[in-house]
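This briefing goes through one protein model by topic, from its sheet to its ligand shell. Please keep the sequence and the 3D view open while reading.

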Amino acid sequence: MSETFTLSINGIQVTARKGQTLLEVARKHGIDIPTICYHPATQSNGLCRMCVVEVEGMRLLQPACVVPAQAEMKVRTDSPRVHRARKTILEMLASTADLSEAPEIQRMMQAYQADPSRFPEAEPRHIPPIDDNPMYVREYSKCILCWRCVQICAEDAQYTYAINFSGRGYHTRIDTFYGLPMTATTCVFCGQCVGVCPTDALEPKSEYLLEQGKYPFPFR
Ligand code: SF4
């Protein structure tokens, strides 16, 4: 039988099982913690930090998607410090990435009153769309580097390893190895990366061409 214990989230006593993350426990009890990089089909990586919470006795905010729940923990998911951290994360994302087709993130921005103009010197990424295959277009100006597509292409589902991070710092992006066209990689065009992308940075070619007013289209 799995080991169960109790902890406190926002002053409410909740039950958890050994091995559950704070995010899983909170959601099971109807307590909302916003997430961006987290996806139930991929391994949690704590990259975006949107799910940070305050844990009594821990100096730093903790990413709820990866931190395991423990007995007697006292967790706050909605403190002023947590709110400020999430607001800043959203502002930084919106100051560099095109989030026009990311409605969930836009809703979070409204909820946290995020104002990207607080970072007037931030440089939005302008990366031309990559249209190199018959199935989907990559618009990395919209990419927030959540890593979902890389994970689903690798051990989390497909074991294809067609894409990975490339570059460093501000110039970090998702790319194929050596920047090869997608048709020259191991990609099998399963479409799972498109399905998990939260910002429409990966878009089915039919939708992309429709938006461009170029539909119906000839496959190349
Ligand atoms: S392309 Fe989409 S899924 Fe991949 S890292 Fe960027 S935002 Fe995430």
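In the hairpin of β1 and β2, which has two residues between the strands, N10 takes a positive phi near 55°. The model is a predicted one, in which local features need pLDDT of at least 70 and side-chain atom pairs count only at pLDDT 80 or more, while totals for chains, interfaces and linings use all residues. Residues are numbered from 1 along each chain as its sequence is written. The protein has six helices and nine strands, where helices (H or I, at least four residues) and strands (E, at least two) are DSSP runs numbered from the N terminus.

**Sheet and hairpin**

- Strand β1 (residues 4-9) pairs with strand β2 (residues 12-17) in the antiparallel sense over six bridges, pairing being assigned if DSSP finds at least two bridges between two strands.
- I9 stands opposite I12 in β2, and the bridge partner of I9 in β5 is V75.
- β1 and strand β5 (residues 74-76) run parallel and are joined by two bridges.
- An open sheet of five strands has the order β2-β1-β5-β3-β4, with mixed pairing.
- β2 and β4 (62-63) stand at the edges of this sheet with a single partner strand each, so one side of each is left without a neighbour in the sheet.

**Positive phi in loops**

- R49, which is not a glycine, has a positive phi of about 70°, and its place is in the loop between α1 and β3.
- R49 is partly exposed, because 16 other C-beta atoms lie within 10 Å; on this scale a residue is buried with 20 or more other C-beta atoms within 10 Å of its own, exposed with 12 or fewer, and partly exposed in between, the C-beta atoms being placed from the backbone.
- E72, also a residue other than glycine, has a positive phi near 70° and is found in the loop between β4 and β5.
- E72 counts as exposed, because it has 10 C-beta neighbours inside 10 Å.

**Overall dimensions and domains**

- The C-alpha atoms of the protein fill a box of roughly 60 × 45 × 30 Å, taken along the principal axes, and 32% of the 220 residues count as buried.
- The domain assignment gives domain 1 (4-78), domain 2 (82-118) and domain 3 (136-211), with bounds that come from an automatic or database domain assignment.
- The centres of domain 1 and domain 2, taken over C-alpha atoms, are separated by 21 Å.
- The contact between these two domains takes 12 residues from domain 1 and seven residues from domain 2, where two residues are in contact if their C-beta atoms, placed from the backbone, lie within 7 Å.
- On the side of domain 1 that touches domain 2, strand β3 (residues 52-55) gives the most, with three residues.
- By class, that side of domain 1 has seven nonpolar, one polar and four charged residues; Ala, Val, Leu, Ile, Met, Phe, Trp, Tyr, Cys and Pro count as nonpolar, Asp, Glu, Lys and Arg as charged, and the others, Gly among them, as polar.

**Nonpolar core**

- The largest nonpolar core has 50 residues, of which L22, L23, C51, A64, C149 and C193 touch the most other members; such a core is a set of buried Ala, Val, Leu, Ile, Met, Phe, Trp, Tyr and Cys residues joined through C-beta atoms within 7 Å.
- Elements that give two or more residues to this core include α1 (22-28), β3, α4 and α5 (192-196), and α1 gives the most, with four residues.
- Leaving aside neighbours within four places in sequence, L23 is in contact with I33, T35, Y38, C51, A64 and C65.

- V150 is found in helix α4 (residues 148-153) and is partly exposed, with 19 other C-beta atoms within 10 Å.
- V150 and C193 are 43 residues apart in sequence and 7.4 Å apart in space, C-alpha to C-alpha.
- Not counting residues up to four places away in sequence, V150 touches I163, N164, F165 and I174.
- G167 has its place in the loop between β7 (163-166) and β8 (173-176) and is exposed, with 10 other C-beta atoms within 10 Å.

**Ligand shell**

- Of the 14 residues around the ligand, C143, C146, C149, C197 and A201 come nearest, a residue being near a molecule if its C-beta atom, placed from the backbone, lies within 6 Å of it.
- By class, this shell has 12 nonpolar, one polar and one charged residues.
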